Amino acid sequence: MDISAIDTLEAIIDGDTVVPGMNFVLPAGIGKTQYYNPSTKACTPDYAKAANQIIIYPACYSSGSGKFLIPSSADMMWYYDDPNTTAAQILAAKGGAIADKYKTLFQKTTYTVNNQTFPALKIIGNLAAADSLNDVSIYFKSKFNDMEITCHGTIAIKESVGSLFDILINSVNEDGVNDTVIDNDSEYLVLTASLQDSGLDVAATGSWGWKKATSGGLVAVSHVSGVTELSNANKTLKLYDGAIEGTEEYFACVIHNGVTYQKGIQVSDTHDPFYINIGRNQASNMVKESDTIVYTPSVLARSSRAVQAGWNFSFTLRDNNGNTVRSATAQTFQVTGSEVHAKAGLITHIIARK
């Protein structure tokens, strides 16, 4: 039996591991990269159009309870690019309305998925402009069990000069709602990939496929009925419960004009009776070059929080393109801050095996 976890950021609350994250709700064909054409001064996608507007919401996963937590609405605050200054506050006050200077860019809303309603922010204006071609990070701060946690998501901004290819992955549950979690109310997830050139869908000249991140690297996904089902010329992958143990990462791959492109997405399963406490030595994803991150994981029973014996651990360190940096089988694993900075961010994939 294998279970897995992917580390981005965690905070320890009463023995629980809470992993903050930010989820995107994307209309069909719309991605979280905005392109600016300096010749036409046009943005693609045009977030000012209602059909193109994306929603972001905080998704903080509790390993102990096996669910995503709803933050305190009274304490919540959204920030534009900097979570540490009042000038960057998108709301006029904690839990309040949008500040005047951001009313053309954002709108407060909510998003309901898996019978939970999360506070959310809708992007209603274009973030790219001739004098603003830097990536935009949106931060969310609130409290969970009286501990403040910060989540963030990034909208990439690129100047559209020539062809800029990227893969867009849309993930929905069996109800057709944007989701990346198989829980008690969801039997499967459907991942659909499309190739885009500067934000617009294009037909690939070559074939599509999917890969799964494993301790041995990226492994091609095959069609297995009731587990991993491929369709739509392999652009669509349906994942059932048996395809996800804990948190997994799948990559869509396509060949276009002789070049291979790939893009990853993390998906989770909250059915499991056991979970990995990743045992990270610092509760922050803000890694300095002088830091050394140490993982000392353990497997706990979700019902009792009791540590389970007899599990062995393997670690795989990957960059954001899914390339393996290094791997090891051990009880502890270290990642240096210089490694994180050299690759502009890394992902630690932990697998517990019994």
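Predicted model: local features only at pLDDT ≥ 70, side-chain atom pairs only at ≥ 80, totals over all residues.
Leaving aside neighbours within four places in sequence, I138 touches M22, I56, W78, Y79, Y80, I90, F106, L121, C151, H152 and G153.

Which residues touch the most other members of the largest nonpolar core? They are W78, Y80, I90, F106, L127 and I138, out of the 39 residues that make up this core. Strands β4 (22-25), β10, β12 (116-123), β13 (136-144) and β14 each supply at least two residues of the core. Strand β13 gives the most, with five residues. A second, separate core has 20 residues, including I167, I182, I244 and Y250. In soluble globular proteins, nonpolar side chains tend to be buried together.

### The whole chain

Now let us step back and look at the overall build. The chain has one helix and 32 strands. Its C-alpha trace spans about 60 × 50 × 45 Å along the principal axes. Why can we compare the chain with a compact globule? For 354 residues, such a globule would have a radius of gyration near 20 Å, and the chain has 20 Å, so the two agree.

Buried residues account for 51% of the 354 residues. Among contacts between residues at least 6 apart in sequence, 61% join residues at least 24 apart. The chain exposes about 15,500 Å², and carbon and sulfur atoms supply 48% of that area.

### A five-stranded sheet

Five strands form an open sheet in the order β6-β5-β14-β13-β10, with mixed pairing. Its edge strands are β6 (42-44) and β10 (77-80), each of which pairs on one side only. From one strand to the next, the twist averages 25°.

Inside this sheet, strand β5 (residues 33-37) and strand β14 (residues 147-159) run parallel and are joined by four bridges. To find one of these links in the structure, look for Q34, whose bridge partner in β14 is I157. Strands of a sheet pair through backbone hydrogen bonds, either parallel or antiparallel.

### An enclosed strand and its hairpin

Is strand β23 largely enclosed or open? Nine of the 10 residues of β23 (residues 247-256) are buried, so this strand is largely enclosed by the rest of the structure. Strand β19 (residues 208-214) runs antiparallel to β23, with five bridges between them, and G209 stands opposite C253 in β23.

Strand β24 (residues 259-269) is also antiparallel to β23, and 10 bridges join the two. Together β23 and β24 form a hairpin with two residues between them, and N257 in the turn has a positive phi of about 50°. G258 lies in the loop between these strands. With a relative accessibility of 69%, G258 counts as exposed, because exposed means over 50%. G258 and A243 are 15 residues apart in sequence, and their C-alpha atoms are 30 Å apart in space.

### Some loop residues to look up

| Residue | Loop | Relative accessible area |
|---|---|---|
| L105 | between β10 and β11 (106-113) | 16% |
| N114 | between β11 and β12 | 19% |
| S198 | between β17 (188-197) and β18 (200-202) | 10% |

Why does N114 count as buried? Its relative accessible area is 19%, and buried means under 20%, so N114 falls inside the cut-off.

Leaving aside neighbours within four places in sequence, L105 is in contact with Y80, K122, I123, I124, G125, N126 and L127. L105 and L121 are 16 residues apart along the chain, and their C-alpha atoms are separated by 10.0 Å.

The backbone angles of the other two table residues deserve a look. N114 has a positive phi of about 50° although it is not a glycine. S198, also a residue other than glycine, has a positive phi near 55°.

What kind of peptide bond joins T44 and P45? The bond is cis, with omega about -10°.

Notes: Residues numbered from 1 in each chain as written. Heavy atoms only, no water. Pairing = 2+ DSSP bridges. Axes fitted to C-alpha atoms, helices over the stretch in contact; angles between N-to-C directions. Rg over C-alpha atoms; globule rule 2.2 N^0.38 Å. Buried < 20%, exposed > 50% of the residue type's maximum accessible area, 1.4 Å probe, protein only. Contact = heavy atoms within 4.5 Å. Areas by Shrake-Rupley, 256 points an atom, 1.4 Å probe, with all protein chains shown as cover. Core = buried A, V, L, I, M, F, W, Y, C linked by side-chain atoms within 4.5 Å.
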